[in-house]
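Subject: Structure handover

Hello,

Here is the structure for you to look at. My notes on it follow below.

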Amino acid sequence: MKSILVTGASRGIGSAITRLFAQNGWRVFACARHIQSLMQICQELPSVYPVSCDLARPEEIDRLFEIIHESCPALDAVVNNAGVSYIGLIQDMSVDDWDRLMQVNLRAPFLVTKAALPGMIQRKSGCIVNISSMWGTYGASMEAAYSASKGGLNAFTKALARELAPSGIRVNAIAAGAIDTSMNAFLSPEERSMLEDSIGLGRLGRPEEAADLVFYLCSEKSSYLSGAVIPLDGAY
Ligand SMILES: NC(=O)c1ccc[n+]([C@@H]2O[C@H](COP(=O)([O-])OP(=O)(O)OC[C@H]3O[C@@H](n4cnc5c(N)ncnc54)[C@H](OP(=O)(O)O)[C@@H]3O)[C@@H](O)[C@H]2O)c1
């Protein structure tokens, strides 16, 4: 049975990824701070193992990998999906706000990837998928820190793909557009309608559509794809 770690698995895109992989016979280590919703998923899909972890705390990431390594010495895939947003003027953003966002969006993918690598390198195989954003490419007004974190994640992806290719490990990112999750729940009906008008396909993406792309990126069907930052934005 193949094993995957999905961060930010408690809702939204991470929850859809967790379900899809478990439905396809993978063992899924599903991490988030609040794992109540994951308890429900694992009753339905027993190959889901919920692990509570605050990715902003390096010691909790160490503990997460202690738990994983008790039953799984090497993961087949890692999805760095957990992320937080901050919307506001840059001059109103405190150093603490900046640090918290970077800890989850950029430092955690580094620490999680680092912890997963020894097993993957030993087996000379593995897939890493980073869930990034179109704002990492274009930059969004009022979201400078978020955009910087995702731009950093894109560069991390490309650099790591080259570094890890000799070890048989592929690294890719998905530059998601607007996906219909709680991250966009703050939008008023008018704002949501304006957003939909700015998207070529005229609607937000579904978390399951992101999960399908992650599944492809972790399969042999994408065996020559590495170092890519793939837009999934409905032609924004
Ligand atoms: N939705 C969009 O429009 C969109 C667009 C582009 C990119 N993305 C990216 O896609 C990813 C998933 O977003 P989403 O829309 O599914 O967001 P979401 O519904 O808000 O879910 C975020 C997930 O991250 C987890 N998380 C947040 N802080 C964490 C922490 N400190 N430690 C561990 N887990 C943490 C949350 O779980 P807990 O709160 O339980 O910890 C939750 O499971 C993010 O990286 C986001 O930046 C989303």
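Which side chain meets that of R100 in a salt bridge? The partner is D97, at 2.9 Å from N to O. A salt bridge here is a side-chain nitrogen of Lys or Arg within 4 Å of a carboxyl oxygen of Asp or Glu. R100 and D97 are three residues apart in helix α4 (residues 95-123), so about one helical turn separates them. Helices (H or I, at least four residues) and strands (E, at least two) are DSSP runs, numbered from the N terminus. By the salt-bridge rule, the count comes to ten.

Before going on, note that this is a predicted model, in which local features need pLDDT of at least 70 and side-chain atom pairs count only at pLDDT 80 or more, while totals for chains, interfaces and linings use all residues. Residues are numbered from 1 along each chain as its sequence is written, and side-chain values use heavy atoms, with hydrogens and water left out.

Now the ligand. Around the ligand there are 31 residues, counted as near if one of their heavy atoms lies within 4 Å of it. S10, R33, N81, Y146 and T181 come nearest.

Taken alone, the ligand exposes 880 Å², and the protein buries 97% of that. These areas come from the Shrake-Rupley method with a 1.4 Å probe; for residues, only the protein chains shown count as cover.

α1 (12-23), β5 (126-133) and α6 (144-164) each supply at least two residues of the shell around the ligand. β5 gives the most, with three.

Finally, the cysteines. A search of the whole structure finds zero disulfides, a disulfide being a pair of cysteine sulfur atoms within 2.5 Å. For C218, the nearest cysteine sulfur is that of C127, 5.1 Å away.

Regards
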